[in-house]
Amino acid sequence: MSNAPALARAFGSKQVRVLLTGLAQGHIVGLGTLTANSFQIQIPDSFQPPVQPTLLCPGVRSVPSEPRTYTAESLMVYQAERNLAALLIQADHPTEPTRRSQWMYSDRAASIAGRCTGLNTSYNLTLRKGWNAVMTVSEPGNFVIRNATPGLPYWLQGAPIAGARQVFPTVFDGK
């Protein structure tokens, strides 16, 4: 993680957590601790992703069948003592990213491809059963959803959010 010093300035160096969150559902999917310049997210075996039909738009096909998926919306850095959080995005540029990654769980292997009829969104995505790194690529006049490029060089930290437990009460649930 190349911007670990910036995170240390904003959050301190003690017990900075990296959370994989489902903000829309209001929960923490998994967490890890930022140590030096890296982190690993541990997802409990007991976590059952609330998968739903993918509901692909017309023009996009899934082979052999349409998977049921769950998307964990955000990575977040969090420091409990300061009650401070910020969104964390892996990207290809420090200020004007065109590629952003996120995590998606799929209940089965599937290949998803095509362009949404009447929209500027295309898919070229191969999912395996379990967790998949997925990337949105912004191109002139088009967004492409595809498998993530390993090792995007930047971790973009959003503005620190004071009072994180109060701003995201269902996520932190008093923790």
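Visitor: In the hairpin of β1 and β2, which residue takes a positive phi?

Guide: This is a predicted model, in which local features need pLDDT of at least 70 and side-chain atom pairs count only at pLDDT 80 or more, while totals for chains, interfaces and linings use all residues. Residues are numbered from 1 along each chain as its sequence is written, and side-chain values use heavy atoms, with hydrogens and water left out. Strands β1 (residues 16-22) and β2 (residues 27-33) pair in the antiparallel sense over six bridges; strands (E, at least two residues) and helices (H or I, at least four) are DSSP runs numbered from the N terminus, and pairing requires at least two DSSP bridges. Four residues lie between the strands of this hairpin, and the positive phi, near 75°, belongs to Gly-26.

Visitor: Which residue of β2 does Thr-21 stand opposite?

Guide: Strands β1 and β2 are antiparallel partners. Across from Thr-21, the residue in β2 is Ile-28.

Visitor: What is the handedness of the disulfide of Cys-57 and Cys-116?

Guide: A search of the whole structure finds one disulfide, defined as two cysteine sulfur atoms within 2.5 Å. The sulfur atoms of Cys-57 and Cys-116 are 1.8 Å apart. Because the torsion about their S-S bond is about -60°, the disulfide is left-handed.

Visitor: How many residues apart in sequence are the parts that this pair ties together?

Guide: Cys-57 and Cys-116 are both buried, that is, under 20% relative accessible area with a 1.4 Å probe and protein chains only (exposed is over 50%, partly exposed in between). Cys-57 lies in the loop between β3 (52-53) and β4 (60-63), and Cys-116 in the loop between β9 (110-115) and β10 (121-127), so the separation in sequence is 59 residues.

Visitor: With which side chain does that of Thr-69 make a polar contact?

Guide: Thr-69 is found in strand β5 (residues 68-72) and is buried, with a relative accessible area of 11%. A polar contact is a pair of N or O atoms within 3.5 Å; within protein, one must be able to donate a hydrogen and the other to accept it, and residues adjacent in sequence count only if both atoms are side-chain atoms. At 3.4 Å, the partner is the side chain of Thr-54.

Visitor: What is the relative accessible area of Asn-83?

Guide: Asn-83 is found in the loop between β6 and β7. Although not a glycine, Asn-83 has a positive phi of about 55°. Asn-83 is buried, its relative accessible area being 8%.
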